Amino acid sequence: MNGTAFALEAAGQKYEALGYGVTALYIVAFSLFIYGLMGLTGPKTAVRGNWIAAVGMGIAIVATLLYVYNNPPSVDGVPAINWILIAVGLILGVVLGIPPALKTKMTAMPQLVALFNGVGGGTVALIAWAEYIESDGFTNIHEQPDVHVIVGSLFAAIIGSVSFWGSLVAFAKLQELLNKNLEKALVKAAKGFQLANIVLAIAAVAIAIYIGLSADSAEATPWFWIVALLIIAGLMGLFVVFPIGGADMPVVISLLNALTGLSAAAAGLALNNQAMIVAGMIVGASGSILTNLMAKAMNRSIPAIVFGSFGGDDAGPAGGAGGAGGTVKATSAADAAIQMAYANQVIVVPGYGLAVAQAQHAVKEMASLLESKGVEVKYAIHPVAGRMPGHMNVLLAEADVPYDAMKEMDDINGEFNRTDVAIVIGANDVTNPAARNDPSSPIHGMPILNVDEARSVIVLKRSMSSGYAGIENPLFFGDATSMLFGDAKKSVDSVVEELKAL
């Protein structure tokens with residue numbers, strides 16, 4: 001008998017020590033999350049910060065497996081851990097996660113971010129569903145229902161589902177999987193989607209309250225209520241993102257990322273998982289800050305973005321005379337090379353067109369040739385150039401463009417009026433002077449790069465089509481502007497050949 005008691009006491013001490021070890025590992029994990037995030041504040045430390053955070057996530061996974069081992073779920077009072085299912089899940093995560101990250105081009109990185117973010121939101125929604133099913137509608141958590149478990153699970157179910165389905169729509173829009181006419185129709189139907197979302201939000205809150213109050217009863221709430229909640233929240237996610245145009249999509253991705261983080265924190269609260277709470281709050285807080293900064297960079301409020309319907313049209317002249325007044329002047333690679341070769345300073349303004357054409361290496365070669373001729377070359381980076389924050393920085397860094405040469409908007413705008421040539425490669429809305437000069441413009445008040453103040457402007461574009469905002473750019477018709485039409489990479493390659501011949 002004494003031996004049995006001793007064995008039980010020893011086992012208890014062992015599991016208690018294991019519990020302390022899990023807590024210590026979680027503390028190490030979210031400390032690495034925070035330290036890794038600090039590294040993402042600059043391009044020089046971003047890769048290292050990403051690796052540090054990844055190591056933290058690995059530690060968190062190990063800690064969670066130890067927690068499961070120490071506190072196994074039970075079926076009819078019998079401990080039951082399906083390690084095979086856990087192993088399959090880990091293997092699937094690796095198989096489905098690593099190849100896309102390695103093979104996805106920088107042009108498609110925003111889509112990948114949207115997709116991965118959606119997977120995170122969907123996972124949180126499934127966790128909430130599992131918690132509901134396992135606890136028979138939160139009726140057998142303890143003798144008295146735990147409010148934090150109920151509220152955390154229901155919040156995670158709603159927000160996680162909204163994030164999942166909204167992110168899928170964002171992915172489809174960015175990947176251009178939606179028919180153009182359909183996308184335009186969705187944008188125009190914004191008011192209808194807004195009304196539908198009000199009804200859906202009321203329904204979701206009502207069902208969540210009913211589920212929560214039913215937890216006090218002895219009988220389990222029917223499973224279809226949680227399914228109904230997930231479906232309604234999913235429709236909200238679809239209806240929120242459907243009418244948002246391409247001009248606002250970078251902000252939407254950031255907002256959905258913040259929502260996924262908050263839902264993960266809520267799920268962590270329900271599961272009493274410290275790592276999920278801290279990691280979720282980090283993602284939620286950083287995503288919220290980034291969303292706010294991007295909205296300010298576009299001079300728009302977040303409600304105006306979520307409930308607006310701007311962007312997505314491809315209206316605009318095909319060429320020749322523009323509604324902004326003036327006539328488009330075409331130029332050649334030879335003339336562009338001569339202008340830049342005899343300049344004192346050239347500012348390169350990259351945009352999504354550069355990313356699509358994968359012209360970053362050609363741009364770096366062009367800049368090197370200009371610098372060998374004594375020309376100072378700088379790069380003007382707008383906060384929302386491309387399809388996500390930092391898109392242009394990462395793209396140019398891939399081509400070994402020095403970080404010091406990449407200048408943020410506030411640092412470079414004062415230099416355009418003393419710049420000989422500004423060469424705009426695939427950028428549109430972020431250079432549109434209507435944002436500064438035309439009060440009737442949809443983008444009026446949006447901070448832009450002051451490209452029109454340069455002595456000469458060369459714009460590389462495939463055509464005269466408009467940008468994400470779907471509005472005409474008066475810059476293209478300016479007296480100091482000339483257009484070099486064609487694929488950005490081919491155009492820059494032609495300029496490079498002309499520079500070599502000078």
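Partly exposed means a relative accessible area between the limits for buried, under 20%, and exposed, over 50%. With that in hand, here are some views of this predicted model.

**Figure 1. The whole chain, for orientation.** Welcome to a predicted chain of 502 residues, 46% of which count as buried. Its secondary structure consists of 18 helices and eight strands. The accessible surface amounts to about 23700 Å², and carbon and sulfur atoms contribute 66% of that.

Figure 2. Helix α6 spans residues 180–188, and its buried residues are Glu183, Leu186 and Val187. These residues lie on the same side of α6 because they cover an arc of only 100° around the axis. What covers the buried residues of α6? The cover includes α5 (147–174) and α7 (190–214).

**Figure 3. A nonpolar patch on the surface.** Ile84, Val88, Ile91, Leu92, Val95 and Leu96 make up this patch, and together they have about 600 Å² of accessible area. Take Leu92 as a landmark: this leucine lies in helix α3, which covers residues 83–103. Is Leu92 buried, partly exposed or exposed? Its relative accessible area is 46%, so Leu92 is partly exposed, as this value falls between the 20% and 50% cut-offs.

**Figure 4. The aromatic pair of Phe224 and Trp225.** The chain has a count of six aromatic pairs. In the one shown here, the ring centres of Phe224 and Trp225 are 5.2 Å apart and the planes are at 40°, so the pair is tilted. Phe224 is partly exposed, at 42% relative accessibility. Trp225 is partly exposed too, with a relative accessible area of 26%.

**Figure 5. Phe239 and Phe242, with Phe193 alongside in one cluster.** Phe239 and Phe242 form a tilted aromatic pair, with 6.4 Å from centre to centre and 35° between the planes. These two phenylalanines also belong to one aromatic cluster, which they form with Phe193.

Note on methods. Residues numbered from 1 in each chain as written. Predicted model: local features only at pLDDT ≥ 70, side-chain atom pairs only at ≥ 80, totals over all residues. Heavy atoms only, no water. Helix = DSSP H or I, 4+ residues; strand = E, 2+ residues; numbered from the N terminus. Buried < 20%, exposed > 50% of the residue type's maximum accessible area, 1.4 Å probe, protein only. Areas by Shrake-Rupley, 256 points an atom, 1.4 Å probe, with all protein chains shown as cover. Arc of directions from axis to C-beta. Contact = heavy atoms within 4.5 Å. Patch = residues over 30% accessible without salt bridge, like charges linked within 9 Å, V, L, I, M, F, W, Y side chains within 5 Å. Salt bridge = Lys/Arg side-chain N within 4 Å of Asp/Glu carboxyl O. Phe/Tyr/Trp six-rings, centres within 6.5 Å; stacked < 30°, edge-to-face > 60°.
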